[in-house]
Amino acid sequence: MKIPKTINKNGHEYTFVQICNSNMLLYKSDLGFTETFTRYDLGLINNANIDNFIARRQEEVLQEENPKKDNNVLLEESK
């Protein structure tokens, strides 16, 4: 989804300034204050996307902790 240039939150109008990281966006309010919002706060992603990301990340961590043995290693161990 496209990043909204202006948003209305907490009774203030915010104008997009920059992307802080892959999940955080920096906005400037009509009063001159800056505030960050997550993509979830802005409705750009939903719970299903977050749940899928968490499940994939947990799987990656498990694979890093328990790496699969190489076939050559298995052959040497069986001798």
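This is a predicted model: local features need pLDDT of at least 70, side-chain atom pairs count only at pLDDT 80 or more; totals for chains, interfaces and linings use all residues.

Colleague: What holds the strands of a sheet together in general?

Modeller: Strands of a sheet pair through backbone hydrogen bonds, and the pairing may be parallel or antiparallel. In the present case, Met 24 stands opposite Thr 38 of E4. The hairpin of E3 and E4 has four residues between its strands, and Gly 32 in this hairpin takes a positive phi near 100°.

Colleague: In what order do the strands of the sheet lie?

Modeller: The order is E1-E2-E3-E4, in an open sheet of four strands with antiparallel pairing. E1 and strand E4 (34-38) are the edge strands, each of them pairing on one side only. From one strand to the next, the twist averages 45°.

Colleague: How many bridges link E2 to E3, and which residue is the partner of Phe 16?

Modeller: E2 and E3 are paired in the antiparallel sense over five bridges. The bridge partner of Phe 16 is Tyr 27, in E3. These two strands, E2 and E3, also form a hairpin, with four residues between them.

Colleague: And over how many bridges do E1 and E2 pair?

Modeller: E1 and E2 pair over four bridges, in the antiparallel sense. Here Thr 6 has Thr 15 of E2 as its bridge partner.

Colleague: How are side chains arranged along a strand?

Modeller: In a regular strand, the side chains alternate between the two faces of the sheet. Consider Ser 29, which is found in strand E3 (residues 24-29).

Colleague: Is Ser 29 buried or exposed?

Modeller: The limit for a buried residue is a relative accessible area under 20%. Ser 29 has a relative accessible area of 9%, and therefore it is buried. Leaving aside residues up to four places away in sequence, Ser 29 touches Glu 13 and Tyr 14.

Colleague: Where is Asn 10 found, and is Asn 10 buried or exposed?

Modeller: Asn 10 is found in the loop between strand E1 (6-9) and strand E2 (12-19). A residue is called exposed when its relative accessible area is over 50%. Asn 10 is exposed because its value is 59%. Its backbone also deserves attention: Asn 10 has a positive phi of about 55°, although it is not a glycine.

Key:
Residues are numbered from 1 along each chain as its sequence is written. Side-chain values use heavy atoms; hydrogens and water are left out. Buried means under 20% relative accessible area, exposed over 50%, partly exposed in between (1.4 Å probe, protein chains only). Two strands pair if DSSP finds at least two bridges between them. Axes are lines fitted to C-alpha atoms, for helices over the stretch in contact, and angles run from 0 to 180 degrees between N-to-C directions. Contact means heavy atoms within 4.5 Å.
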